[in-house]
Amino acid sequence: MASASEPAYFTKASQAGHPVVRDLPKFELDAYIANYKGKTRFDRLLHIGTTSILLAPEALRYAVAEAKQGRDIRRYDAAVSAIREIMPGDRNATPDVPWKEKVNKQIKAESDRLETELKGYKNNLIKESIRMGYDDLGQHYHRTGELVESVKAFGRMRDFCTTPSHVVVMNLRLISVSIDQGNWLAVQTNVQKLRSPGQQFAEAQRLAAKLSASMGLALLASGNYKEAAKEFIDTDPRMVQARLDDPTDEEAFNEVMTPNDVAVYGGLCALASMDRTDLQKKVLENNRFRSYLELEPHIRRAITCFVSSKYSLCLSILDSYRSDYLLDVHLHQHLGELYFQIRSKAIQQYFVPFSCATFVALAAAFDTNEQTIEQELTGMVKRGSLDARIDLVDRVLVASRSDARRKVHEHALQMAQEYERTAHLRILRTEMIHAGLEVIDKGKALGSGIALDNTGGEQTYGNSSAGNFFGEGAGRSLRSGVRG
């Protein structure tokens, strides 16, 4: 429900289906955003500023300051536009035109310099210099927001890569740009190239954590939650020991995500796609993923409650962090579907031991009202995720029980028919061998028991004549048909 002091922007955004968070999240904005660097830092600030009513002023001001530290004018314009709509009276609502003109001149001068150097490298025909020239040009375009040109520059490095480390660097650059583009198919393609069994890259093995996290993020964005869970769960724990504040630490991946994000993404995807047995063996007992779960203990508690059949407690833990997850730039689009799948699985598991259950009991078990549980059950039955019938008269959910006796009888009848068919074929085979209707090795066979000799003249019919088996008349007809 919108309040009187709520900016009109959030009212329109809510009506358009964009998530709007009216509660205060559990994290502190300063501490949260300090864990990230690069373009994802700005993206997360802008998303928080356009989603959270309470954090919007602070987040958008941080976003403007972050944009002005770089050279991506498009991002600066996006932050200023958001402030103008949400806080028209703020001093940052007016674009800094002199700064934009200054940055544009710097970008043009840098682009001209790098292109001139690249032309010189091409004239000298030195492959390593050409590769480095394309690398510098691609990074320049990436910093300035020219993502398409950046992909082209990095792609042209391929012909000038002379060592496996060059190939690894090129693919990592393409993965980074593709993530910023939202081109998740390209992310998966470049990760698979580095994982190709035909090529062994020592650097790729060292960067396995980044590759798993990138692939998991791409699968999450594509809606493939089960495969995304596998990737996040198998992420090498060396990322946990990375120093996020050290730019020289190659294990850190905070230009895209932090180890806390790996724990949250992996835990939610696992809850939505795995059964209780897999959750116990592949998640809770997984030594690699345990290091990540220790960073987000509430995710571990939620998974433990689900495995222990404490579904209501599991769902309440997840609901308490809904606001935080809606403010995540990668997770907010999938949060509704993930929560729906987790809740549907909980209802399914709860209903397994019962032949029927009243709406009152289900609503009490999942801490909701009868109308809400009725809507959820109807949606699950329509989607085929719950094999049951809804009785709206008595307001009960009735399980669709199969007739075990009938299944046994049908299986026995099917086995008897198969046995009869097999026995018939064996008897027929035995009679054919006894009658001598078998193909002779010499000559070319015309059919069962019929062959021509090497001269193509006389026909033979095994050890006995066809007439002896079919009758004399049938044997003559058969022989005359072959000669004709």
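Predicted model: local features only at pLDDT ≥ 70, side-chain atom pairs only at ≥ 80, totals over all residues.
Let us start at a pocket: helix 14 gives the largest share of the lining of the second largest pocket, namely four residues. About 350 Å³ of space lies inside the second largest pocket. Its lining has 18 residues, and the closest to the centre are Phe27, Tyr32, Asn260, Asp261 and Glu296. Besides helix 14, helix 2 (29-33) and helix 19 (322-326) each give two or more residues to this lining. Sorted by class, the lining residues of the second largest pocket are nine nonpolar, five charged and four polar. How is such a space found in a model? Rolling a probe the size of a water molecule over the atoms shows where empty space is left.

Two of the residues just named lead us onward. Tyr32 and Asp261 are both among the residues that arginine 44 touches, leaving aside those up to four places away in sequence. Arginine 44 itself is found in helix 3, which covers residues 39-49. Is this arginine buried or exposed? Arginine 44 counts as buried because its relative accessible area is 0%, and the cut-off for buried is under 20%.

Within helix 13 (residues 225-233), the buried residues are Tyr225, Ala228, Ala229, Glu231, Phe232 and Ile233. An α-helix has 3.6 residues a turn, so residues three or four places apart point the same way. And what do the buried residues of helix 13 pack against? Their partners are helix 12 (208-221), helix 14 (259-273), helix 15 (276-284), helix 16 (287-293) and helix 20 (335-351).

Now for some strands. Strand 2 (residues 388-391) pairs with strand 3 (residues 396-399) in the antiparallel sense, over four bridges. Isoleucine 390 has leucine 397 of strand 3 as its bridge partner. Four residues lie between the strands of this hairpin, where arginine 395 takes a positive phi near 55°.

Finally, step back to the whole chain. It holds 25 helices and six strands. Of its 484 residues, 41% are buried. Among contacts with a separation of 6 or more, 59% join residues 24 or more positions apart. The accessible surface of the chain comes to about 26,000 Å², and carbon and sulfur atoms account for 51% of that surface.

Conventions:
Residues numbered from 1 in each chain as written. Heavy atoms only, no water. Buried < 20%, exposed > 50% of the residue type's maximum accessible area, 1.4 Å probe, protein only. Contact = heavy atoms within 4.5 Å. Pairing = 2+ DSSP bridges. 1 Å grid on protein atoms, 1.4 Å probe; cavity = no way out; pocket = protein on both sides within 12 Å on 5 of 7 lines; lining within 4 Å. Points joined across faces, edges and corners; volume = space filled by probe spheres on them. Nonpolar A, V, L, I, M, F, W, Y, C, P; charged D, E, K, R; others polar. Areas by Shrake-Rupley, 256 points an atom, 1.4 Å probe, with all protein chains shown as cover.
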